[in-house]
Amino acid sequence: MSERDATERRSIAVIGAGYVGLVSAVGLAGMGHRIELVETDPARLRSLRDGRVPFTERGVQDALNSALSSGALTVLDHTSKTTAEIVLICVGTPIDDSGHADVRAVEAVLAEIAALQRRPVAVVRSTMPVGTSQRLLRDGHVTDPSHFFTVPEFLRQGSALADFAKPTRVVIGRSPDADPDAEAILVEVFGAFGGPLRLVTLEEAELIKNGANAFLALKISFANEMAALAERAGADVGPVLEGIGLDPRIGSTYLHPSFGFGGSCLPKELQTIATSGIERGLDMHVTSAAHLANLAHQDMFAERIDTILGGVSGRRIALLGLAFKAGTDDIRSSPAVRLAGWLLDHGADVHAYDPAAAGHASRALPGLVVADGPSAALENAEAAVIATEWPEFKDLDWATARDRMATPLVIDGRRLLDPATMRGLGYRYERVGSPTSVPDTAAADADADGASAGVAVGRGSAAHPAATG
C-alpha cells in the first residue's frame, strides 16, 4: 500500500492563497485531502474562482486545474465558512524597516478560528520571528493551546510545488500542552510526504525556519563578497568558488555569485534574526553585516555600470529581468527593480523586459519603460544589463541582437552568458566576479579616426557615440 493510500483523508482549510498557501492547498489536494482554500483579497479571489493562479509558479496551474476538476478543492471567501478539522494559516507577515514582523493577519485568523463553533487544529505556516508563538499564546490570541501548532514551510519560489511534494525535512512545533491526538494527525498529514520529521518546541520551530533562510543568505553574501574581491584582484571568481566548494564541509550549493539576492524570505530573515537578537541583548554581528553587505553589493554593481558607461545619465540601457529570480513574477526586495530605480534616479533611459514580472515592476516604478520582448528592450541600447537569470536570456540570438544595439556592450549581473562566446560575437562583455576588461584601444582609435573623417561609427547618439567591444 502506498503512503497516499495509507493516509486518512482529512478536511483541511488553507487561509491565504499566496505562494505558500496555494502551493500547500494544491499539494494536499493531490494527496486526496478535502481542501477549503480561503482568500479575502477581491482580485485574487476572482482569479481563483475563474480557475486561474494569481501569480507565476511552475506546475501550480496544472495542479489547481486538477484539484478543482476533481472536487478536491473549493474556494471560500471567509474563514467563518470553513468546516475543516485542520486550519493552515498561510497569510503574509511582512517586516518593517526595523526588522519587526507584522503578524496582525495571523492574529486576525486566530480570532476567526476562535469564533467557530468547533475546535479545529490551528497550524501556522507563515514565517514568524522567534518568540511570536509564545506571545500569541500569552496574549490570548490562541483560545486552545493544545490545538495550536506551527509547521514552517521550506519552499523555493520557482520550484515550490516540487519542494512541497518532496520536503527536505518536516518540522512540527508544539507547546508542552499539545494534544497528542492533534499532534498525531499532523504527523500523519505532513509525514506522508517523506523527509526527516522533527517534533520540536514552538521556539525551536521558529528558529529553524529563521536560521535556515538566514544561513542561505550568509552563504550567498560570502559568494558575492568573494566575487567583488576577485574583480579588484584581477581574478575570475568562478574557479575560486569551485575550488572552495569542493571541500565537503562547505559544498557548492548557494555559492553562485550575483549582484545581490532578494525575494520575500532571505532578506527578511536576516533582519528578523538580527532584531530578535538585539531585543534579547545580543549583537547579531554576522546577520546584521550580511544584510548590509547585500545592499552594498547591489550598489557596487550599479556604480560599476556607471563607471563602464562613463555615466548613465542620458544613456539608453536595456535591463533584462525584473523578478528577484527566474521562474517567478515576484519583485519583493528584487535587486533588479532596485537597480532599475537607481538607474532612473541617475538619469538613465531604462527599457526593461521580464517574461513574468514586468507588470508588477511597472507599477512599482512608474518611470520605467517596459518592453514587450527582449528585442524591443535591446533596440538602440547602449548597454544590456542582465539582472535576472531567465533561461531565455541565455538562449537569446545574441548575434542578431548585436545589430539592434547602439553599442555591443553586455554587463551580466548573473554570470549567465559565456564570455568567450559573447566576445566572439563582437561584444564587450563584463560580468560580476570578473575584472573589468579594458576596451581595445586600437579599435577605439580607428573609430575615432573614422568619426573625424565623417564616417558613421556604430549607432550611438551624438552625445554618446558607440563604444567599441
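The model contains an open sheet of eight strands with mixed pairing, ordered β3-β2-β1-β4-β5-β6-β7-β8; two strands pair if DSSP finds at least two bridges between them. The edge strands, each pairing on one side only, are β3 (73–76) and β8 (197–201). This is a predicted model, in which local features need pLDDT of at least 70 and side-chain atom pairs count only at pLDDT 80 or more, while totals for chains, interfaces and linings use all residues. Residues are numbered from 1 along each chain as its sequence is written, and side-chain values use heavy atoms, with hydrogens and water left out.

**Sheet**

- Direction ignored, neighbouring strands of this sheet are turned by 25° against each other on average.
- Strands β6 (residues 148–150) and β7 (residues 170–174) pair in the antiparallel sense over two bridges; strands are DSSP runs of E with at least two residues, and helices are runs of H or I with at least four, numbered from the N terminus.
- Threonine 150 has glycine 173 in β7 as its bridge partner.
- Helix α5 (residues 104–114) lies across β1 (11–15), β4 (86–89), β5 (121–124) and β6, and runs at about 165° to β4.

**Packing of α9 and α11**

- Helix α9 (residues 202–233) packs against helix α11 (residues 266–278) at an angle of about 110°, with the axes 8 Å apart; axes are lines fitted to C-alpha atoms, for helices over the stretch in contact, and angles between N-to-C directions run from 0 to 180 degrees.
- The two helices α9 and α11 are therefore roughly perpendicular to each other, a term covering 65 to 115 degrees.
- The contact (heavy atoms within 4.5 Å) involves residues of α9 including Lys209, Asn213, Leu216 and Ile220, and residues of α11 including Leu266, Glu269 and Ile273.
- By class, the contact of α9 with α11 comprises eight nonpolar, four polar and two charged residues; Ala, Val, Leu, Ile, Met, Phe, Trp, Tyr, Cys and Pro count as nonpolar, Asp, Glu, Lys and Arg as charged, and the others, Gly among them, as polar.

**Buried residues in helices**

- Threonine 132 is placed in helix α6 (residues 132–138) and counts as buried at 8% relative accessibility, the cut-off being under 20% relative accessible area with a 1.4 Å probe and protein chains only.
- Apart from neighbours within four places in sequence, threonine 132 is in contact with Val103 and Glu206.
- Valine 189, in helix α8 (residues 180–191), is buried with a relative accessible area of 1%.
- Apart from neighbours within four places in sequence, valine 189 is in contact with Arg10, Ile12, Leu28, His33 and Ile86.

Conventions:
Angles under 35 degrees count as roughly parallel, over 145 as roughly antiparallel, 65 to 115 as roughly perpendicular and the rest as oblique. Buried means under 20% relative accessible area, exposed over 50%, partly exposed in between (1.4 Å probe, protein chains only).
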